[in-house]
Amino acid sequence: MGAIANQWLNHWSLRVQDALTQLSTKHQVDHGCTAQLLIGDARQTIQSLISKSFVADAIFLDPFSPPHCPQLWTVEFLAQVRQCLHPDGMLATYSCSAAVRAGLLAAGFQIGASKPVGRRSPGTVASLAAELAPLSIQEQEHLQTRAAIPYRDVTRQDSAQTICDRRYQAQQHSSLEPTRQWKKRWFSPSP
């Protein structure tokens, strides 16, 4: 509603403005394509989509960063997202976090890097079947560090703090390479 009130949609066509206004007020729209706005905790809302056998050809996953919204980056949530993706579909996210990528792998996705969009870092693409561009050696090595320990929330009800604390404890007890050593190897100037 804030985007409408602040006239941030004015650069869009009237048809798009109308569709987005209808979506924000009535939570659904049918303007050549059907859209429905679901409001609530995504961890519970996605369960209703799964029960209705909802399947998408493409998913853009854009929660806040993993440390700020770990609930939507857990292996368990990503596995539910996978259930909503067509076998030939694609998932895309801006995140290139090792924890997110490891979580996607643990949830049954194949992953690859996307080209950077509006920043220096690449994003991540994921699929169940498609051939994806391989990760760079640097990115592959990052997945072998403690940074790649994924977020977990078996009950899909834990607080962000509990999820982050659980991951921190797993990192402290891990035999994986400390991420600082990986960073030193890749980002320290050569003598």
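**Aromatic pairs and selected side-chain contacts**

A search of the whole structure finds 2 aromatic pairs, where rings of Phe, Tyr and Trp (its six-membered ring) pair if their centres lie within 6.5 Å, with planes under 30 degrees apart counted as stacked, over 60 as edge-to-face and the rest as tilted. This is a predicted model, in which local features need pLDDT of at least 70, side-chain atom pairs count only at pLDDT 80 or more, and totals for chains, interfaces and linings use all residues. Residues are numbered from 1 along each chain as its sequence is written, and side-chain values use heavy atoms, with hydrogens and water left out.

**Aromatic pairs**

- Phe60 and Tyr94 form an edge-to-face pair, at 5.2 Å centre to centre and 90° between the planes.
- Phe60 belongs to strand E3 (residues 56-60) and Tyr94 to the loop between strand E4 (85-93) and helix H5 (98-106), so the pair ties together parts 34 residues apart in sequence; helices (H or I, at least four residues) and strands (E, at least two) are DSSP runs, numbered from the N terminus.
- Phe60 is partly exposed at 48% relative accessibility, as is Tyr94 at 38%; buried means under 20% relative accessible area, exposed over 50%, and partly exposed in between (1.4 Å probe, protein chains only).
- The ring centres of Trp182 and Phe187 are 5.6 Å apart with planes at 80°, so this pair is edge-to-face.
- Trp182 is buried at 6%, whereas Phe187 is exposed at 53%.

**Surroundings of Gln44**

- Gln44, in helix H3 (residues 42-51), is partly exposed at 35% relative accessible area.
- Beyond its neighbours within four places in sequence, Gln44 contacts Arg156 and Gln157 (heavy atoms within 4.5 Å).
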